Amino acid sequence: MSNKSAFVTVDKIKRRGLLFVVSSPSGAGKTTLCNRLLKTDQNLTLSISATTRPIRPGEEDGKDYHFVTEETFVDMRESGQFLESAKVFGNYYGTPRDPVETALSKGQDILFDIDWQGAQQLGETVPTDLVKVFILPPSRDELERRLRNRAQDTDDVVAMRMAKAESEISHWAEYDYAVVNYDIDEAEQLMRCILVAERLKRTRQTGLSDAVSKIIAP
Ligand code: 5GP
């Protein structure tokens, strides 16, 4: 089955978009999986968060994040411009509201690479549009190996990353789906399966009653 044909079939009937939230500890493969989905799925775009953290080498303002000052961030939050916001590792992050609402009404899906706090808040503001997926590493040893391989860090730094990972993982039960990343290709396919099934949910297919009324003879 080609992935493309599955998505074309799914999108023939008018539907409301969905918010595809992906969380995981770092080292579980989330970024690779999200990038693969975004590259191959025409109907999926990334929600670009605003953040107060400094821009990193290789990042682009407006593409990876909207990099803003703390003052701007607070103004945006106070004037209700965020769907959710959180402080993560000492910096503020927030999801701008307008692009999300526009995309949803056009039937476009949005991918969110946010932590458990953001996922929880979105669950309060847009519960029916939300699909939450948690990516897990296959084992503790494998997670530690992946964190160690990322950079030549000292044992202390690796231990700190493991502690952060454990804290993120402790929220796994708040998610609708869990994908264990034994193999990146397989995990990618599983994420696609979730997207396709969620797009087919009767309640999301707003054009269904029209389509059915054309099938059932008057
Ligand atoms: P980084 O600064 O490394 O890009 O991201 C740090 C953490 O912030 C990650 O766990 C990421 O998922 C989370 N994050 C990024 N954007 C947002 C957002 O808009 N809201 C929330 N709640 N978390 C975010």
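Student: Buried means under 20% relative accessible area, exposed over 50%, and partly exposed in between (1.4 Å probe, protein chains only). Where does that put Ile48: buried, exposed or partly exposed?

Tutor: Ile48 comes out partly exposed, because its relative accessible area is 23%. This is a predicted model, where local features need pLDDT of at least 70 and side-chain atom pairs count only at pLDDT 80 or more, while totals for chains, interfaces and linings use all residues. Residues are numbered from 1 along each chain as its sequence is written, and side-chain values use heavy atoms, with hydrogens and water left out.

Student: Okay, and where does Ile48 sit?

Tutor: In the loop between strand 2 and strand 3 (50-51). Helices (H or I, at least four residues) and strands (E, at least two) are DSSP runs numbered from the N terminus.

Student: Switching to the ligand: which residues come nearest?

Tutor: Ser49, Arg53, Tyr65, Glu84 and Tyr93, out of 15 residues around the ligand. Being near here takes a heavy atom within 4 Å.

Student: Which side chain has an N or O atom 3.1 Å from a ligand oxygen?

Tutor: That's Arg56. From the backbone, Gly94 has an N or O atom 3.5 Å from a ligand oxygen, and Gly118 has one 3.5 Å from a ligand nitrogen. The protein covers 87% of the 510 Å² of accessible area that the ligand has on its own.

Student: Which elements give two or more residues to that shell?

Tutor: Strand 5 (82-88) and strand 6 (91-96). By type, the shell has 5 nonpolar, 4 polar and 6 charged residues. Asp, Glu, Lys and Arg count as charged; Ala, Val, Leu, Ile, Met, Phe, Trp, Tyr, Cys and Pro as nonpolar; the others, Gly among them, as polar.

Student: And what's between those two strands, around Phe89?

Tutor: Phe89 is in the loop between strand 5 and strand 6. Its phi is positive, about 45°, although Phe89 is not a glycine. Most residues other than glycine have a negative phi. Phe89 also counts as exposed, since its relative accessible area is 63%.

Student: What about Asp41, buried or exposed?

Tutor: Buried, because its relative accessible area is 3%. Asp41 belongs to the loop between helix 2 (30-40) and strand 2 (44-46).

Student: Which side chain does Asp41 make a polar contact with?

Tutor: The side chain of Arg199, at 3.1 Å. A polar contact is a pair of N or O atoms within 3.5 Å; within protein, one must be able to donate a hydrogen and the other to accept it, and residues adjacent in sequence count only if both atoms are side-chain atoms.

Technical notes: Accessible areas come from the Shrake-Rupley method with a 1.4 Å probe; for residues, only the protein chains shown count as cover.
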